[in-house]
Amino acid sequence: MKIGQKVKVTRLRERLSADTVAKIKTNPVGTIKDFKMTDGSGVGVVVQLDSGITTWFFEDEVQAL
């Protein structure tokens, strides 16, 4: 995965608010803006969704388009 790449959120974990989850379910497509260390050994991706929300996801939660 690369910065600027379009992705689709395919899975959600419980750390997100109900409002954010609803917006993701409405339109799960966004663009990778950055990377984030998740737990010392993993890397997540910061995604700006087409709805305007920016949040991070584990790599197994997104799929490249």
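Where is the place of Val43? Val43 sits in strand β3, which covers residues 43-49. Keep in mind that this is a predicted model.

Strand β3 pairs with β2 in the antiparallel sense, over 7 bridges. Val43 takes part here: Val43 in β3 is the bridge partner of Met37. The hairpin of β2 and β3 has 5 residues between the strands. In that hairpin, Gly40 takes a positive phi near 95°.

On to the next pair. Strand β1 (residues 6-9) and strand β2 (residues 29-37) pair in the antiparallel sense, with 3 bridges. Val7 stands opposite Gly30 in β2. Lys8 has Val29, also in β2, as its bridge partner.

Next comes the surface. Is Val43 buried, partly exposed or exposed? Val43 has a relative accessible area of 35%, so it counts as partly exposed. Val43 also belongs to a nonpolar patch on the surface. The patch is formed by Met1, Ile3, Phe35, Met37 and Val43. Together these residues have about 450 Å² of accessible area.

Ile3 lies in the segment before β1. Its relative accessibility is 52%, and exposed means over 50%, so Ile3 counts as exposed. Which residues does Ile3 touch, leaving aside those up to four places away in sequence? They are Ile32, Lys33, Asp34 and Phe35. Phe35 is in the patch as well. Ile3 and Val45 are 42 residues apart in sequence. In space, their C-alpha atoms are 8.8 Å apart.

Compare that with Glu61. Glu61 is found in the loop between β4 and β5. Is Glu61 buried or exposed? At 0% relative accessibility, Glu61 is buried, because buried means under 20%. What does Glu61 touch, again leaving out residues up to four places away in sequence? The list is Lys8, Val9, Thr10, Arg11, Leu12, Arg13 and Arg15. Lys8 is the residue whose bridge partner in β2 is Val29.

How many salt bridges does the count come to? There are 3 salt bridges. Take them one at a time.

In one of them, the side chains of Lys6 and Asp50 meet at 3.0 Å, N to O. This pair links distant parts of the chain. Lys6 is in strand β1, Asp50 is in the loop between β3 and β4, and 44 residues separate them. Lys6 is partly exposed, at 37% relative accessibility. Asp50 is partly exposed too, with a relative accessible area of 44%.

Another salt bridge joins the side chains of Arg11 and Asp60, at 2.7 Å, N to O. It also links distant parts of the chain. Arg11 is in the loop between β1 and α1 (18-26). Asp60 is in the loop between β4 and β5, 49 residues apart from Arg11. Arg11 has a relative accessible area of 41% and is partly exposed. Asp60 is partly exposed, with a relative accessible area of 41%. Arg11 is also among the residues that Glu61 touches.

The remaining pair is Lys23 and Asp19, whose side chains meet at 3.5 Å, N to O. Lys23 is partly exposed, at a relative accessible area of 36%. Asp19, at 49% relative accessibility, counts as partly exposed.

Terms used:
Residues are numbered from 1 along each chain as its sequence is written. This is a predicted model: local features need pLDDT of at least 70, side-chain atom pairs count only at pLDDT 80 or more; totals for chains, interfaces and linings use all residues. Side-chain values use heavy atoms; hydrogens and water are left out. Two strands pair if DSSP finds at least two bridges between them. Helices (H or I, at least four residues) and strands (E, at least two) are DSSP runs, numbered from the N terminus. Buried means under 20% relative accessible area, exposed over 50%, partly exposed in between (1.4 Å probe, protein chains only). Contact means heavy atoms within 4.5 Å. Patches are made of residues with over 30% relative accessible area and no salt bridge: like charges are joined within 9 Å, nonpolar side chains (Val, Leu, Ile, Met, Phe, Trp, Tyr) within 5 Å. Accessible areas come from the Shrake-Rupley method with a 1.4 Å probe; for residues, only the protein chains shown count as cover. A salt bridge is a side-chain nitrogen of Lys or Arg within 4 Å of a carboxyl oxygen of Asp or Glu.
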